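I opened the notebook to look up a few things in this structure. My entries follow.

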Amino acid sequence: MIPEQPEERRALIGEYVLGLLESSDAAEVRELIESNQEAARMALEWEQHLLELSDELSEQTPSRALWLRIQRSLGHVPIEQMAVWRHWWDSAGLWRLTSGALALVVLLSWLSTSLEQDPALANESFTAVLQPPREAASPGWVVQVDMNGTLRLEALVDQPIPEDRSLQFWTLADPEQGPRSLGLIQPGGSVTLSADQIGVVQAGQLFELTLEPAGGSPLDRPTGEVLYIGRAVMTVGS
Amino acid sequence: MADQMFDYEGQLESCARGDEGAFQRLYRQESAKMLGLALTLLGQREEAEDCLHDAFVQIWRNADNFQRSLGSGRAWIYSILRYRALNRLRTRGRHLDQDDSFIDRLADEGPDATDQLHQQREGRHLRRCLGNLERARRHPILLAFYRGMTHDQIAARLVTPLGTIKGRIRAGLRALQECLKV
């Protein structure tokens with residue numbers, strides 16, 4: 001049913017671009033456009049001319065949420081979220097809060113005795129005390145990485161979460177790469193992860209626990225509220 | 001209006017290479033204009049935003065199908081938006097009652113109502129050529145563009161036999177083609 005004569009064909013494609021054709025005819029033209037460059041060019045020419053009509057309309061600013069939704073659908077890390085991570089990353093205040101808190105000093109002394117260390121091994125191990133964002137000296141969880149690279153996350157408080165939510169554990173070594181999930185955590189519990197699971201830990205690496213939908217974040221990054229956050233501090237073994 | 005300084009083709013090619021910054025620039029540049037069209041077609045803000053969402057997802061995913069040898073990047077983007085909006089209209093099967101007075105007003109704009117020379121200088125050839133059509137041919141084309149109506153719907157809306165409407169639109173498009181060549 002597609003005419004051979006170029007001008008007839010061009011008019012038919014114009015009708016297709018306008019959306020006038022019945023579904024079977026439309027499918028035929030669509031197939032032609034997909035397989036024939038000349039037809040594809042004609043369709044875009046119509047579209048280009050019709051932009052003049054579109055430009056008569058007033059602009060409508062989309063809601064702010066729409067851009068985030070598009071990024072989420074595509075699995076892109078929202079710029080805003082990156083900014084939040086960067087903020088934490090760059091926040092000298094968090095460093096001071098974390099390292100300056102009296103509670104931390106107490107904890108570190110407790111931890112250094114509780115770590116099962118083989119004195120013969122290399123002496124790089126890390127600790128991160130996770131606290132609620134912007135709350136000084138109220139540690140909720142502690143992360144220990146021993147010199148074998150094994151990570152242990154332990155609750156210091158037993159804060160319940162809603163039944164329909166999950167607590168998810170994340171780390172961020174490099175803001176460019178974004179956060180990485182280390183799995184779901186039972187509130188008030190503890191978990192041990194092997195070096196293979198967590199990768200190499202560096203001083204300053206960020207750990208956090210977020211409140212996510214049941215079963216965990218639907219995306220490859222946190223979507224919910226940050227409950228606890230802290231950075232890895234190197235602890236020198238004996 | 002298309003921003004003459006904005007490189008739509010370049011941004012789409014960057015999107016095809018996975019450049020999320022280019023995608024954001026495209027969104028900043030065009031999303032409000034695109035939403036204006038989606039809203040005009042669909043008549044509901046929420047659905048128009050859903051449609052814009054789907055269009056941008058498709059733009060990113062299909063950016064590597066775009067070829068500048070086939071046409072302008074901006075036209076390509078709008079072809080995706082319109083396609084998705086028209087699909088929604090077909091699925092919905094009916095039109096919301098909307099105020100079509102601006103379409104009637106545009107339909108009334110004959111050659112005398114528009115500053116032909118000015119439009120030609122501005123590169124607004126379609127408006128000029130539409131102005132040269134008889135109103136009876138111009139009006140159904142505008143209804144198709146702005147409301148996404150099918151032949152049947154236009155015939156019902158203008159209380160004109162279907163065959164007559166089809167003939168007028170086809171003749172109108174042929175006349176536009178001739179006019180746009182110049």
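Which residues of α1(B) and α2(B) meet each other? I looked at the two helices and found B:Q11, B:S14 and B:C15 in α1(B) against B:A22, B:F23, B:R25 and B:L26 in α2(B). A contact here means that two C-beta atoms, placed from the backbone, lie within 7 Å. Helices (H or I, at least four residues) and strands (E, at least two) are DSSP runs, numbered from the N terminus. By class, this contact has four nonpolar, two polar and one charged residues. Ala, Val, Leu, Ile, Met, Phe, Trp, Tyr, Cys and Pro count as nonpolar, Asp, Glu, Lys and Arg as charged, and the others, Gly among them, as polar.

**Ground rules.** I noted that this is a predicted model, where local features need pLDDT of at least 70, side-chain atom pairs count only at pLDDT 80 or more, and totals for chains, interfaces and linings use all residues. Residues are numbered from 1 along each chain as its sequence is written, while chains are lettered from A and ligands numbered from 1 in the order in which they are written.

**Confidence in chain A.** I checked pLDDT, the predictor's confidence in each residue, from 0 to 100. Chain A has a mean of 81, and 79% of its residues reach 70 or more. Helix α3 (residues 37-54) of chain A has the highest confidence, at 95. Helix α6 (residues 92-100) of chain A has the lowest, at a mean of 49. Over residues 116-122 of chain A, pLDDT stays under 50. Where pLDDT is low, the predicted coordinates should not be read in detail.

**Make-up of chain A.** I found eight helices and eight strands in chain A. Of its 238 residues, 33% count as buried. Buried means 20 or more other C-beta atoms within 10 Å of a residue's own, exposed means 12 or fewer, and partly exposed lies in between; C-beta atoms are placed from the backbone.

**One residue in a strand.** Is A:Q144 buried or exposed? I counted A:Q144 as buried, because 20 other C-beta atoms lie within 10 Å. A:Q144 sits in strand β2 (residues 141-145) of chain A. A:F126 is 18 residues from A:Q144 in sequence, yet 5.8 Å away in space, C-alpha to C-alpha.

**Helices α1 and α2 of chain B.** I went back to the opening pair for its geometry. The axes of α1 (residues 8-16) and α2 (residues 20-42) of chain B come within 7 Å and cross at roughly 140°. Therefore α1(B) is oblique to α2(B). Angles under 35 degrees count as roughly parallel, over 145 as roughly antiparallel, 65 to 115 as roughly perpendicular and the rest as oblique. Axes are lines fitted to C-alpha atoms, for helices over the stretch in contact, and angles run from 0 to 180 degrees between N-to-C directions.

**Where the chains touch.** How many residues does each chain give to the contact? I read 43 residues from chain B and 37 residues from chain A. On the side of chain B, α2(B) gives the most, with ten residues. That side divides into 22 nonpolar, twelve polar and nine charged residues.

**A loop residue.** I ended at B:V159, in the loop between α9 (151-157) and α10 of chain B. Phi of B:V159 is near 50°, a positive value in a residue other than glycine. Most residues other than glycine have a negative phi. B:V159 counts as exposed, with 6 C-beta neighbours inside 10 Å.
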